[in-house]
Every structure is written in C-alpha cells, then in structure tokens.
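Visitor: Please take a close look at the charged side chains. Which partners do they meet, and how open are those places?

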Amino acid sequence: MVLASNTKGSCIDGPPYDLICVGFGPASLSIACALCDQRINARMLFLERQTQFAWHCGMLLPDSRMQITFMKDMATFRDPRSKFTFLNYLHSKNRLVSFSNLGTFYPLREEFNDYLKWCASHFEDLVCYGEEVLEVSPQPTDVKGQVKTWLVASRNAVSGEISTFEAKHVIIAVGGAPKIPAQFPQRLYGTKVIHSSSYSINIPRILPNRDAPYKVAVVGGGQSAVEIFSDIQSRFPNSKTTLFLRQSALKPSDDSPFVNEIFDPDRVDPFFSLPADVRKKQIRDIRATNYSVVRLELIEHVYNVMYVQKLRDPDQHNWAHRIRSQQEVHAVVERPDGKVDLALKGGCEGVLESTTTEGFDLVVFGTGYKRDVHKRLLKGAEGLFMDGECTVDRKYRVKFVEGAVARDAGVWLQGCCEATHGLSDSLLSILAVRGGQMVDSIFEEQIDAQATKEQIRAQL
C-alpha cells in the first residue's frame, strides 16, 4: 500500500481527507514515518507555514551538538527496523562506518537537521509548504448537527490566497511560538530585538560586520541563551556582550541516567493517571532537566571566559563579556542614537529598578516558547469543548461534549500537552513512539483489518 493524497490545493468541494496535519515539524514527521511503515492507505495532507522543511534553523550554531542520543530519532524506539532510523540515514549517505569512528551518541545538530530533511523528502507529495493555517473549525454534516468533518483554512505565504480543506481527522502540531513580553515595542522586533529561535537567520543581516565593536544583550538563563552569548563572542571578536539572568547563577541541567528516565515513553501512562495537582508538582520538581538550565560543559566554558577576564583585569566594568544575575528585563528603551537600553528590576526582592547605559546594538531573548497556538486555531470549536476547556484524553484527542463529534472524526494535539502527558511532550525523546500511537488511534480499524488479513494469509 502507498500513502495517497489529493491534488494539492483547496478541496472543499471534493471528498474530505482522512487526515490533515497542521504543521510539518518533527512531531508530524514522526507520524508520517509511522503511517508509511504501517502501510496505511489513506488520503492525507500536511500543511506547513515554512517554505521548506527546517528544524530549529535559527539555532543551528557552528559545531553545536545534540543533547540527546541519536536513537531518539523518528523511528528507532517505535521500530528499529524502519527505514527512517538515523542509522539507515547514515547508511544511505555512506557515512555509517565513519560516524561509528566518532565514538559518540550525539551528532552535530547540523547533521541531525539533515537527517530530518532526509526523512521529510520521502513525503514531498503530501506536504503543502508556505501555508499558514488560520483556523480549524467544525463542519456539522448530518441532521443531528454532529460534527463528522473539520474545515482547515490556510493562507499562502506568497500569494496571500486563502484555501479551505476538509478532513475527518486533524492533528495540530505547530510547535511553540516565541515568547517575548508584549510590552516591548513591536516595531523593534527583527531589527533591535530578536528571539533566539531566529538568531542564526537574522544575525548576518542585523550585524553584518564581523570586526565591528557591537554591544549585544542576551536575556535568559537556559541553554539557547548561553549558547548565543558564547557564539557572539566567537562570531564578533571585538564585541561586548552582557547576559541577563533572573536567577542568581547559571544552573546545570540534570541529565543523569535515572533522571533521564522521566523522558521514557512508558512514563506517560503513569503520569497521565495522576491527579492534576500531583502532576503539576512533579513537573515543578523536575524542571531542572529541561527549563532554564545549561549543559555543564558550556557553563564551564563560560566560567573560564569570565575567569580569564578577571585574571587580566579585576574590574568587571572593563570586561568585554559580563553576566548580570538577579536582573529581570521589563522594558526595552529606545535611544536617540538608534540603539537600545534595558529597564531592569533586580535584587533579591526584585524591587530595585535601573536602566542600562551601554546602548545595545541588539537584544536577543532566549526566553522560551508559548504553547497555546492550538487555542486560537480551535476558537470556532470552543462551544464543543467538554467542561468549556480544551483538554485531551490519554491518546491526545481533544475532549468534546458527548455526542457532539462523530466517533470516526476528531482533533488531536501534539507538543502542547505537558500538563497532562509530562515533561517529554514537546521533546524529541517521545516522538517515535507517540507517532505510532497516534496512527494506531486514528486508523485503528484499518490496522486491525490488515492484521486479520495477514493472519489469514499466514494460516493458508
């Protein structure tokens, strides 16, 4: 069997798709791989806002490596015999033996991005790139008003044309939206203020002169922020950089073996079964594995930079690179000369107010992501939500009022279910297994029928 799709474009007047995935990042890609491996025969479509497949392209820094093993790819934990494993990618590129000589489980991000692109290339005929989905709305199709299909409206990034697609099942996997406080002047975004997610893309345009004495502020205490803080120093040798932290010091991530087990796929079931207040407490207790923490080797590198400056000049005010802890940025202040300063709240109580005087050429916010885009996309379905809130069951299916949506139709969420499914929800660690579970959930009847046929053939 082969994956079957309709002609790309608006299909509101044709038969509905069996499945539309909103977004074509790693979460949807893992689903596509599972669909192919299980030989699901269905009409499906993937709608992606970017004009081509790209994974964290704004953070593909030189020589940066993955922080998790390559085995947490799109297929291995689900089926190590799949053609979509990282090892098969290496084999197809004639680099398997060479990679083994590296003696590492942690490939370059550049290489893992190329692996993901390689996987995505198998599904070119199923993906519409440059399509920003605007809304997923219910479409009542029987006399009882029961929802049997969904309308997915998208806008083309080039033409601005609005297209509408109809599907029985919709998976929303759009990833996170950059989190920058709304009170900052929006007109500065993309010129004097950027988010870490677009750093590598925008930095050559905003700071084009390698030898210029740029002053750059980086806000945030997590891995991305500190990587950027270090990268600027290498990229612009005459630059001056300042890292602003809310916490008192950079904190190392805990990636020890026992702690890492919280990301295992089989941890989702017991976590989901816990009371909501217990889940919330557990996430708070283990945040040091993923939020506002930095790999120890990077912390040690940054500390060494600070120490060498101290060796050469005890006065921190003369240092090119500084870390200002217990400082919360609450405003970006424009200056007449075109540069910007930061209004700060600091001190142990967070009440001491001050404003920088350096005059920064650029401020980079490494302040994480908001994972609530699905709420905007599903605004037209709010009246159908069970208990008036957008919640999901164990299989990631949105819970609607009993009888409002047909059994063979539904909406599923990916990457925004941390509160119910655990800290691994937005990470690569669980994607391969979860992708298979999504396929099993949506195409259960077809899979069961295939299994029955295979059993019959085996008995003949």
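Guide: What follows goes through the salt bridges, then the rings, a sheet and the cysteines.

This is a predicted model, in which local features need pLDDT of at least 70, side-chain atom pairs count only at pLDDT 80 or more, and totals for chains, interfaces and linings use all residues. Residues are numbered from 1 along each chain as its sequence is written, and side-chain values use heavy atoms, with hydrogens and water left out.

Start with the charge pairs. Side chains of opposite charge can pair when their charged atoms come close. A salt bridge here is a side-chain nitrogen of Lys or Arg within 4 Å of a carboxyl oxygen of Asp or Glu. The structure holds 18 of these salt bridges.

Take Arg 95 and Glu 111. Their closest N and O atoms are 2.8 Å apart. Helices are DSSP runs of H or I with at least four residues, strands are runs of E with at least two, and both are numbered from the N terminus.

How open is this place? Arg 95 is partly exposed at 29%. Glu 111 is buried at 15%.

Next, Asp 79 and Arg 81. Their side chains form a salt bridge at 3.1 Å, N to O. Asp 79 is buried, with a relative accessible area of 19%. Arg 81 is exposed, at 76%.

Lys 281 and Asp 285 make a salt bridge at 2.8 Å, N to O. Both lie in helix H9 (residues 276-285), 4 residues apart, which puts about one helical turn between them. Lys 281 is partly exposed, at 44% relative accessibility.

A charge sits over a ring if NZ of Lys or CZ of Arg is within 6 Å of the ring centre and within 35 degrees of the ring normal. Arg 43 lies over the face of Tyr 17, 4.7 Å from the ring centre. The charged end of Arg 279 sits over the ring of Phe 272, 6.0 Å from its centre.

Rings meet rings too. Rings of Phe, Tyr and Trp (its six-membered ring) pair if their centres lie within 6.5 Å. By this rule there are 20 aromatic pairs. One aromatic cluster includes Trp 55, Phe 70, Phe 86 and Trp 118.

Now the sheet. Two strands pair if DSSP finds at least two bridges between them. The open sheet has 3 strands in the order S12-S13-S14, with antiparallel pairing. Strand S12 (327-334) and strand S14 (352-355) are at the edges with a single partner strand each, so one side of each has no neighbour in the sheet. S12 and strand S13 (residues 340-346) are joined by 7 bridges. Val 332 has Leu 342 in S13 as its bridge partner.

Last, the cysteines. A disulfide is a pair of cysteine sulfur atoms within 2.5 Å. The whole structure has 0 disulfides. For Cys 36, the nearest cysteine sulfur is that of Cys 33, 7.6 Å away. Cys 36 is partly exposed at 26%, while Cys 128 is buried at 9%.

Technical notes:
Rings of Phe, Tyr and Trp (its six-membered ring) pair if their centres lie within 6.5 Å; planes under 30 degrees apart count as stacked, over 60 as edge-to-face and the rest as tilted. Buried means under 20% relative accessible area, exposed over 50%, partly exposed in between (1.4 Å probe, protein chains only).
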